[in-house]
Amino acid sequence: QSSMSFARTAAAHDAAMRTSNSHTHARRHHSRSSAYTRTAARDASRVAAAAASASSPSSTPSRSARDAVAAEAAARAVKTPHSGYHRQPNVERAFFEGWYFRITLPAERRSASLIYHVYDPDVARSARRGAGAQVCAPNGKYLYKTTTDTDAFEAAPHALELQLTYDDGEFFSVDGEGSRHAGRLTSAGEAADGPWGRGLDAHEVSWDITVTPLRGWGGGTNAKQVSPAGWMTALPVFEPHWQVTMAHGLATGWIETDGERVEFTDCPAYSEKNWGGAGFPLKWWWVQCNSFTDFPDLSVTATGGNRGVVVVPNMREDVGAVGVHFGDRFFQFVPARQGAPELPTSYGSEAAIEASAVRWDVSWGSWSVSAIGDRYEVSIQGTCTDEDKSTVIRAPTDTLNGGMAPLCRETFTGVVSLSLWRLDASGARVETIIDAAQSTTACLEIGGGPWRGNWKSAAEIRGPLTPLMSLPVDVRAVADFLKPAFGDVFPGL
């Protein structure tokens, strides 16, 4: 699939970033993260070497250019389904799409997140029509900037690439299949009595980051990447849809917030996205961590929520999923039967798509999640205290009338413990694959509501559509077959 050619050229981008640099140089003070040394860095080196050898022998690119080529090559090697933009142009229907990118600085127990969204680009009279960005900076500050001009937002239908240039020239962009992030945004600030009062609102943020993806969703390099809901993710049935686009990667670059620059090298990176008609679930929780000190190739994502069923009006259901990447091994627990992804034949490669109920007991401060499949069992325990800093972020509401609202609370300094076991035919544990791996830099989140006490629930294997998810449907082949007659019927793949 070809990538979209953006109007902002590389030269224009570099000029914009130089302007940002000179604008704040006189008042800048620096902090530098120590390099996050990890086994996975060797994977990045191998990808970089391969990309460098494949470049034109008649030219010798600069180090930064070589890094960019290598990072994009790495991104393509683990590209997931649904990396692209799911909008069907000129089709007047309610639609949103959102992208989430996180970078963890383990040594300092700090993180940053870049969050982008677009609403109803083809519904001219929509009250929620717009596009914008949120930034949670490493120093704990928050910035939000939006516009009603959705024509200024562009994204590639089959690549993880997007950009928005505001009327004032400020911008954000994601290029190279998600391997290059840049932007510069300013804001007048937030209300003093709001969740970002007391000096938590940022007034200017800029960034320039290169990401080398190492794991998509389904295993390591050249493994077949998958979607948590299987082939039915391509249909407007289980909305909102969710796709992890990078379970683990390494980020190098800088983020500057109100004159304070934080630089980092080979720090853990993660990305995911959502899309659909209305918005987010009515209520949800989320756990994410790929910064385990003793397990540098370990990544876990778990989520649960209550959402409407598009094809059955006024019906709601609890849904959940857990995904674990451990080196080249991949374990997914979802309440539906699906085929296992294909993996290259190599030592350590393993994949299990377990049909399992996902159970949880969650409240702010405590996330307890478990799933037991036919062959594997997973347990996740997450905690945070009042001493852990937390951030309120805006998220899509659960209605067609609402847009982004401060519905979500998360901390980047959660403590998480992850265990994974292999089971025998009777369900007894016969092998400990991961024994209580610990991290103190997990992102723990709750959103929506109402949250009154603990939320105890389970996403069960049930429903008339669930058996369909196990069918061996190749959506990409179907899309290619239909394209000559009907055009791009599945944008986003």
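1. Trp 217 has 0% relative accessibility, so this residue counts as buried (under 20% relative accessible area with a 1.4 Å probe and protein chains only; over 50% is exposed, and in between is partly exposed). Phe 330 is likewise buried, at 0%. Please keep in mind that this is a predicted model, in which local features need pLDDT of at least 70 and side-chain atom pairs count only at pLDDT 80 or more, while totals for chains, interfaces and linings use all residues. Residues are numbered from 1 along each chain as its sequence is written, and side-chain values use heavy atoms, with hydrogens and water left out.

2. How many aromatic pairs are there? The count comes to 21, where rings of Phe, Tyr and Trp (its six-membered ring) pair if their centres lie within 6.5 Å, and planes under 30 degrees apart are stacked, over 60 edge-to-face and the rest tilted. Trp 217 and Phe 330 make an edge-to-face pair, because their ring centres are 5.4 Å apart and their planes stand at 70°. Trp 217 is in the loop between strand E10 (204-215) and strand E11 (241-257), and Phe 330 is in strand E16 (residues 329-334), so the pair ties together parts 113 residues apart in sequence. Strands here are DSSP runs of at least two residues, numbered from the N terminus.

3. Another edge-to-face pair joins Phe 331 and Tyr 376, at 5.0 Å centre to centre and 65° between the planes. Phe 331 belongs to strand E16 and Tyr 376 to strand E20 (residues 376-383), which puts the partners 45 residues apart. Both Phe 331 and Tyr 376 are buried.

4. Now for the cores. The largest nonpolar core holds 36 residues, and Trp 99, Tyr 116, Phe 153, Phe 172, Trp 207 and Ile 209 touch the most other members. Such a core is a set of buried Ala, Val, Leu, Ile, Met, Phe, Trp, Tyr and Cys residues joined through side-chain atoms within 4.5 Å. A second, separate core has 34 residues, including Trp 285, Phe 331, Phe 333 and Leu 418.

5. Trp 99 deserves a look of its own. Beyond its neighbours within four places in sequence, Trp 99 has contacts (heavy atoms within 4.5 Å) that include Tyr 85, Tyr 116, Phe 153, Glu 272 and Lys 273. Ring pairs also link Trp 99 with Tyr 85, Phe 95 and Phe 153 into a cluster.

6. Val 378 is found in strand E20 and is buried, with a relative accessible area of 1%. Val 378 and Trp 421 are 43 residues apart in sequence but 6.5 Å apart in space, C-alpha to C-alpha.

7. Which charged end sits over the ring of Trp 421? That of Arg 429 does, 3.7 Å from the ring centre; the rule asks for NZ of Lys or CZ of Arg within 6 Å of the centre and within 35 degrees of the ring normal. Lys 145 lies over the face of Tyr 166, at 4.8 Å from the ring centre.

8. Finally, Asp 398 is in the loop between strand E21 (390-396) and strand E22 (404-423). At 25% relative accessibility, Asp 398 counts as partly exposed. Its contacts beyond four places in sequence are Ala 278, Phe 280, Pro 281, Leu 282 and Arg 316.

Conventions
Helices (H or I, at least four residues) and strands (E, at least two) are DSSP runs, numbered from the N terminus.
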